[in-house]
Structures are given as C-alpha cells and as structure tokens.
Amino acid sequence: MNFGDHLNDSTRECEFWDKRLGWWNNPSSSLSKFGRVLADVLLWRNKKASATVLGTATMIWVLFEIVEYHLLTLVAHILIFTMAALFFWANATTLVKKSPPRLPVIKLPTKPLLELASIVTVEINGGLALLREIALGRNLKKFLVVIVSLWVLSIIGSSFSLLTLLYLSFVVLHTIPVLYEKHEDKVDSCAEVATAELKKHYTFVSDKYLNKIPISPLKPKKFA
C-alpha cells in the first residue's frame with residue numbers, strides 16, 4: 001500500500017467519524033445536550049449524579065445476578081405497589097374532601113428518539129457494509145481484526161453472563177475516562193510506545209506473510 005492509499009484511507013476514516021459524530025457537534029441537537037450531560041457523569045464532574053448512577057447500576061446487578069430476581073417480576077411488583085398507592089391515595093383525599101393528587105403527564109420526547117433511531121440506523125448500516133466488505137475479501141487486515149475480536153468476545157461471553165458483562169462495561173466507563181483525564185500525559189506517552197511497537201510487529205508480519213496471500217479484486221457484476 002503506497003502513500004496515496006494511506007491518505008485516501010485516512011480521508012475516508014475522517015469522513016466516517018464526521019458523519020457519525022455530527023449530532024455531537026450540533027448544539028441544537030437534543031442528543032448533543034444529552035451527550036454533554038453524560039460526559040459530566042462519566043468524568044465525575046457531577047460527583048453526586050455519578051455516584052447515584054453507579055450505585056443504581058450496582059443495585060440492579062446485585063438484584064438480578066446475586067439475588068436472582070427476575071425483571072418481569074420486578075416491573076410487575078413496582079407497578080402493583082405504585083398503582084395501589086396512588087389509587088388509595090386518590091380515594092382517601094375524596095373521603096376527607098381534599099383535592100386529589102396531581103399526577104404529571106408523562107410523554108416520551110419525539111425528537112431525541114428520532115435522532116437516536118437515525119444514529120442507530122446509520123451505525124447498523126455502516127457495520128453491515130463493513131462486514132460485507134470484509135466477507136468479499138477486500139481488506140485482509142480488517143478481516144483478521146474482526147476474527148480475533150470475535151474470538152476474544154466468545155471467550156469473554158463464555159466466562160461472564162450478559163448482565164455481568166454489561167455491568168463491568170458500565171464500571172469501566174465510569175473509571176477509565178476519569179483516570180485518563182487525570183493522567184493523560186503518561187497514558188498518551190505509553191500509548192505512543194505501544195502503538196509504535198504494534199505497528200512494527202504488524203509491518204513485519206504483513207511483509208513476510210500477509211502480502212504474499214493472493215487476493216483477487218472484486219469484479220463488478222454485469223447486468224443485462
């Protein structure tokens with residue numbers, strides 16, 4: 001691969017992320033505001049909110065993984081208790097001739113959900129396009145990366161339940177970003193050294209083995 005190919009790949013990668021992060025850079029986007037609030041929570045800039053979110057996630061994990069409570073049972077019990085309490089409260093206020101409780105009207109916002117659905121659709125289509133490109137044998141490097149990643153994912157999946165894996169990922173999101181922000185210089189220097197070593201080893205393997213594997217270019221289909 002020559003310099004022009006590297007430049008084209010870098011340009012395509014920049015365009016790839018610009019399209020996906022356009023909602024973040026748009027101040028009028030509802031998801032942009034949500035993303036900044038989420039960043040404050042993950043980076044512990046709002047310590048009370050961060051501790052509340054992490055504590056809630058821990059309680060949910062203990063409830064379902066340790067106590068082995070079931071989600072459907074929990075939702076049903078919460079709804080039973082809430083509806084019964086509100087029902088008796090409303091009837092009690094009528095008996096004592098007081099105004100009934102004013103319940104807020106709960107509605108899901110349409111705009112953020114549509115923006116989220118659009119982003120998810122773009123990501124899914126991008127992933128499907130990437131898998132198609134790899135399956136057609138166009139990029140051996142991406143093929144090897146995907147195979148190794150799926151293999152590692154299969155090992156992790158056999159060691160943890162889905163809920164535990166989600167909880168561990170949540171804890172990592174609450175610890176790694178704030179640690180990186182505090183030790184950014186040291187982490188960046190170590191990352192540069194590690195990246196240089198990985199590139200050197202990959203270049204050696206690529207020149208000695210990968211480049212010798214014949215890969216035929218995909219021929220365009222001819223339609224009658």
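Visitor: In which helix is confidence lowest, and in which is it highest?
Guide: This is a predicted model, where local features need pLDDT of at least 70, side-chain atom pairs count only at pLDDT 80 or more, and totals for chains, interfaces and linings use all residues. Residues are numbered from 1 along each chain as its sequence is written, and side-chain values use heavy atoms, with hydrogens and water left out. pLDDT is the predictor's confidence in each residue, from 0 to 100, and helices are DSSP runs (H or I, at least four residues) numbered from the N terminus. The lowest mean, 48, belongs to H1 (residues 3-20), and the highest, 89, to H4.

Visitor: Over which residues does pLDDT stay under 50?
Guide: The protein averages a pLDDT of 76, and 77% of the residues score at least 70. With contact meaning heavy atoms within 4.5 Å, the model has two contacts beyond four places in sequence for the stretch under 50, residues 1-10.

Visitor: How are H4 and H8 oriented to each other?
Guide: The axes (lines fitted to C-alpha atoms over the stretch in contact, with angles from 0 to 180 degrees between N-to-C directions) of H4 (residues 47-66) and H8 (residues 162-182) come within 10 Å and cross at roughly 165°. Angles over 145 degrees count as roughly antiparallel. H4 and H8 are therefore roughly antiparallel.

Visitor: Which residues of H8 does H4 meet?
Guide: From H4, the residues involved are Ser50, Val53, Leu54, Ala57, Thr58, Trp61, Phe64 and Glu65. Their partners in H8 are Leu163, Thr164, Tyr167, Phe170, Val171 and His174.

Definitions and conventions. Helices (H or I, at least four residues) and strands (E, at least two) are DSSP runs, numbered from the N terminus. Angles under 35 degrees count as roughly parallel, over 145 as roughly antiparallel, 65 to 115 as roughly perpendicular and the rest as oblique.
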